[in-house]
Amino acid sequence: MARPKIALIGAGQIGGTLAHLAAIKELGDIILFDIAEGTPQGKALDIAQSGPSAGFDASLKGANSYADIAGADVCIVTAGVPRKPGMSRDDLLGINLKVMKAVGEGLKAHAPNAFVICITNPLDAMVWALREFSGLPHHMVVGMAGVLDSARFRHFLSVEFNVSMRDVTAFVLGGHGDTMVPLVRYSTVGGIPLPDLVAMGWTTQEKLDGIVQRTRDGGAEIVGLLKTGSAFYAPAQSAIEMAEAFLKDQKRLLPCAAYVDGALGLKGMYVGVPTIIGAGGIERIVDIKMNADEQAMFTKSVDAVNGLVAACKAIDPSLA
Ligand code: APR
């Protein structure tokens with residue numbers, strides 16, 4: 001059977017890391033696409049030359065033409081600009097919306113059957129716009145945010161409890177921004193919910209609140225340290241987890257920015273919710289029940305996402 005074809009749209013920091021991870025995991029043959037000439041070709045060649053030592057079988061090719069992504073099974077989109085210190089993800093909206101238009105048209109023409117994972121920020125609005133511009137089915141276009149935000153939460157919790165990260169599960173829903181909703185009640189260590197661990201004296205409510213806030217600020221913390229760009233290792237790994245779930249029909253339950261129409265009281269919008277990813281793309285939205293506090297936070301986050309979508313429509317009337 002032929003290897004799957006993975007097209008990476010954007011060959012910057014995240015795109016290069018995606019290519020490296022996909023090659024090492026032998027997820028398929030890889031096309032790195034970028035408007036910058038030489039960058040995707042150089043990264044493809046560099047990673048390919050790590051193959052003999054790493055021992056993977058995958059072909060890597062750089063491209064500046066959308067024709068090269070033809071027939072892709074998975075497309076992961078990082079094209080656009082990242083933020084610099086002092087910027088919020090929302091500050092990227094104007095520039096990255098134009099990029100989504102170009103990418104959406106490229107996908108429509110050359111990879112209409114792909115499972116598309118968008119990473120470009122501000123995520124929830126960009127994945128919505130990318131879907132609109134591409135015209136692909138909603139269940140085949142998804143945004144990567146919840147896996148990353150949850151991984152950040154899990155990492156901080158594992159350090160606090162001094163337990164393996166593997167035993168910490170966590171859920172972060174809502175928009176990928178300051179209003180994201182880490183769901184403490186649905187987050188556990190070895191199945192024990194966080195509120196129970198507070199009651200057991202493993203941590204204090206104050207410390208837990210601090211971890212929740214640090215999770216919300218997780219991206220900004222890294223931007224502040226790097227100064228020249230934003231996080232790329234963990235974002236790339238998170239998208240690879242989603243791509244693998246699709247390619248291997250794993251039926252993973254992962255929080256993603258998916259199109260929700262009916263579940264969680266939402267009507268036709270993209271926002272971070274629990275999903276099942278398998279060979280059918282987004283196969284199900286998990287309609288969890290929230291308590292009053294969680295619902296209030298989630299509604300605030302949904303409102304923030306709707307505000308960004310309205311801003312996109314104001315910039316590009318073809319989206320209205
Ligand atoms: N088509 C294709 N590639 C593009 C386009 C376009 N229209 N516009 C820009 N690019 C490319 C740039 O040439 C660059 O190589 O996108 C790449 C972006 O890479 P980086 O600047 O290194 O950014 P990165 O850290 O990878 O983040 C990309 O993901 O997490 C988000 O906020 C982040 O929006 C940003 C995106």
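User: Which residues does the UniProt annotation "binding site" cover?

Analyst: This is a predicted model, in which local features need pLDDT of at least 70 and side-chain atom pairs count only at pLDDT 80 or more, while totals for chains, interfaces and linings use all residues. Residues are numbered from 1 along each chain as its sequence is written. UniProt positions are given in this numbering, with shortened feature names, and annotations may be inferred rather than shown by experiment. According to the unreviewed UniProt entry, the "binding site" annotation covers Arg83, Arg89, Asn121 and Arg152.

User: Is Asn121 buried or exposed?

Analyst: Asn121 is placed in the loop between strand S5 (115-118) and H5, where helices (H or I, at least four residues) and strands (E, at least two) are DSSP runs numbered from the N terminus. A residue is buried if 20 or more other C-beta atoms lie within 10 Å of its own, exposed if 12 or fewer, and partly exposed in between, with C-beta atoms placed from the backbone. Because Asn121 has 28 C-beta neighbours inside 10 Å, it counts as buried.

User: Which residues does Asn121 touch, not counting residues up to four places away in sequence?

Analyst: Two residues are in contact if their C-beta atoms, placed from the backbone, lie within 7 Å. With residues up to four places away in sequence left out, Asn121 touches Arg89, Leu92, Asn96 and Met126.

User: What is the omega of the peptide bond from Asn121 to Pro122?

Analyst: Pro122 is found in the loop between S5 and H5. The peptide bond that leads from Asn121 to Pro122 is cis, and its omega is near -5 degrees.

User: Is Arg152 buried or exposed?

Analyst: Arg152, another residue under the "binding site" annotation, has its place in helix H6 (residues 146-161). Not counting residues up to four places away in sequence, Arg152 touches Thr215 and Gly218. Because 25 other C-beta atoms lie within 10 Å of Arg152, this residue is buried.

User: At roughly what angle do the axes of helix H4 and helix H5 cross?

Analyst: Axes are lines fitted to C-alpha atoms, for helices over the stretch in contact, and angles run from 0 to 180 degrees between N-to-C directions. The axes of helix H4 (residues 93-110) and helix H5 (residues 123-134) come within 8 Å, and they cross at roughly 35 degrees.

User: How many nonpolar, polar and charged residues does the contact of H4 with H5 have?

Analyst: Residues making this contact include Leu93, Asn96 and Leu97 of H4, together with Ala125, Met126 and Phe133 of H5. Ala, Val, Leu, Ile, Met, Phe, Trp, Tyr, Cys and Pro count as nonpolar, Asp, Glu, Lys and Arg as charged, and the others, Gly among them, as polar. By class, the contact has 10 nonpolar, 3 polar and 3 charged residues.

User: Which elements do the buried residues of H11 pack against?

Analyst: The buried residues of H11 are Phe298, Ser301, Val302, Ala304, Val305, Leu308 and Cys312. These buried residues pack against H4, H5, strand S8 (172-173), strand S9 (181-182) and strand S13 (269-278).

User: Is Lys227 buried or exposed?

Analyst: Lys227 is found in the loop between helix H9 (218-226) and helix H10 (233-247). Its phi is near 70 degrees, a positive value in a residue other than glycine. Because 8 other C-beta atoms lie within 10 Å of Lys227, this residue is exposed.
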